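Open your viewer and keep the selection tool at hand. This tour moves from stop to stop, with something to pick at each one.

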Amino acid sequence: MGRVTERRKVLRIRDGVVSSRPDTLVAEEPLEIRLNGKPLAITMRTPGDDFALAAGFLVSEGVLAHAADLQNIVYCAGATADGSNTYNVVDVRTASGVVIPDITLERNVYTTSSCGLCGKASLDAVRTTARHPIADTPPLRVEPELLAGLPDRLRAAQRVFDRTGGLHAAALFDEAGELLDVREDVGRHNAVDKLVGRALQSGNLPLSRTILLVSGRASFELAQKAVMAGIPMLAAVSAPSSLAVDLAAETGLTLVGFLRGGSMNVYAGEDRIALRAAATQG
């Protein structure tokens, strides 16, 4: 699909010189996700990979866990009063026998940091709905030097960011640091959903020997999405939230924050970081 970027007129001021020129902006449009014909959620996203986004969202909600759970995904015709198709509404049909959890018509409360639930309730909600417990056997072991090089590889793969400067990105790497997939979106949670959804559609869940890197902070919601996809390691170039750290400790997720240059903070799951014995200090 197109519409990933749009052009808008901008007044440019540089060193006192004023000019008018078109500028390339990242597109942002609403996507309504329906589940078996019933409205479920609306998210603001960058158009593209919409089916993967919807599938990944439903993995994080505990609805889908395997490719066989998904019957199909379609754009809804007649999504407007005049019957035209906006390509902003998708309907996800689950396979026969898939049990639908009790989810409201709003985005499931435990997926947002502002849901009003206490931390314990949020952690319990993820633990009781996770279909792919983190189980990397033998354990994933990643050297800090390998982790340090991943942000540059992510940045080099951000094609739309280079044109707009306005996108978040999420990338999957294998344990050797090879880039497996990268997705961009105005919302970092959407970028992760697109990665996870593509993995579901390809039959690659759980993502048990991968590293998820996000271009921003590590919120509870992103940690939840990693856990629900069976990803053992989440790294972020910025800070994690306190509840993200709690969830990582609760579920066995390795959580790395402030991954910049050769420095990083490991907040949970440090056993997966292959440290040299002489390099650790109290």
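Which residue forms a salt bridge with Asp 181? Select Arg 183: its closest N and O atoms with Asp 181 are 3.1 Å apart. Keep in mind that this is a predicted model.

**Stop 1: around Arg 183**

Stay on this pair. Asp 181 is buried, and Arg 183 is buried as well. For Arg 183 the relative accessibility is 18%, so the residue counts as buried; the cut-off for that is under 20%.

Where do the two partners sit? Arg 183 is in strand β8, while Asp 49 is in the loop between β4 and α1 (50-60), so this pair ties together parts 134 residues apart in sequence. Asp 49 has 31% relative accessibility and counts as partly exposed.

Asp 49, Asp 181, Arg 183 and Arg 198 are linked in a network of salt bridges. Side chains of opposite charge can pair when their charged atoms come close. The structure holds 12 salt bridges.

**Stop 2: the six-stranded sheet**

Next, select the sheet that contains β8. Six strands form this open sheet, and their order is β8-β7-β9-β10-β11-β12. The pairing is mixed. Which strands are at the edges? They are β8 (179-185) and β12 (263-268), and each pairs on one side only. From one strand to the next, the twist averages 20 degrees.

Zoom in on β7 (residues 168-174) and β8. These two pair in the antiparallel sense, over six bridges. To see one example, pick His 168: its bridge partner in β8 is Asp 185. Strands of a sheet pair through backbone hydrogen bonds, either parallel or antiparallel.

**Stop 3: the four-stranded sheet**

Move to the other sheet. It is open, has four strands in the order β4-β3-β6-β5, and its pairing is mixed. At the edges stand β4 (38-45) and β5 (70-75). Each has a single partner strand, so one side of each is left without a neighbour in the sheet. The twist averages 20 degrees from one strand to the next.

Select β3 (residues 29-35) with β4. They pair in the antiparallel sense over seven bridges. Pick Glu 29, whose bridge partner in β4 is Arg 45. Then look at the turn: β3 and β4 form a hairpin with two residues between them. Asn 36, in that turn, has a positive phi of about 50 degrees.

Switch to β5 and β6 (residues 89-94). Here too the pairing is antiparallel, over five bridges. Val 74 has Asp 91 as its bridge partner in β6.

**Stop 4: helices α6 and α7**

Which residues make the contact? From α6, select Arg 188, His 189, Val 192 and Asp 193; from α7, select Glu 221, Leu 222 and Lys 225. Colour them by type: two are nonpolar, one is polar and four are charged.

Look for a salt bridge in this group. Asp 193 and Lys 225 form one, with closest N and O atoms 2.8 Å apart. Asp 193 lies in α6 and Lys 225 in α7, so the pair ties together parts that are 32 residues apart in sequence. Both residues, Asp 193 and Lys 225, are buried.

Is α7 mostly covered or mostly uncovered? It is mostly covered, with nine of its nine residues buried. Among them are Phe 220, Gln 224 and Met 228. Finish at Gly 230, which follows α7 and has a positive phi near 75 degrees.

Note on methods
Residues are numbered from 1 along each chain as its sequence is written. This is a predicted model: local features need pLDDT of at least 70, side-chain atom pairs count only at pLDDT 80 or more; totals for chains, interfaces and linings use all residues. Side-chain values use heavy atoms; hydrogens and water are left out. Contact means heavy atoms within 4.5 Å. Ala, Val, Leu, Ile, Met, Phe, Trp, Tyr, Cys and Pro count as nonpolar, Asp, Glu, Lys and Arg as charged, and the others, Gly among them, as polar. Two strands pair if DSSP finds at least two bridges between them. Axes are lines fitted to C-alpha atoms, for helices over the stretch in contact, and angles run from 0 to 180 degrees between N-to-C directions. Buried means under 20% relative accessible area, exposed over 50%, partly exposed in between (1.4 Å probe, protein chains only). A salt bridge is a side-chain nitrogen of Lys or Arg within 4 Å of a carboxyl oxygen of Asp or Glu.
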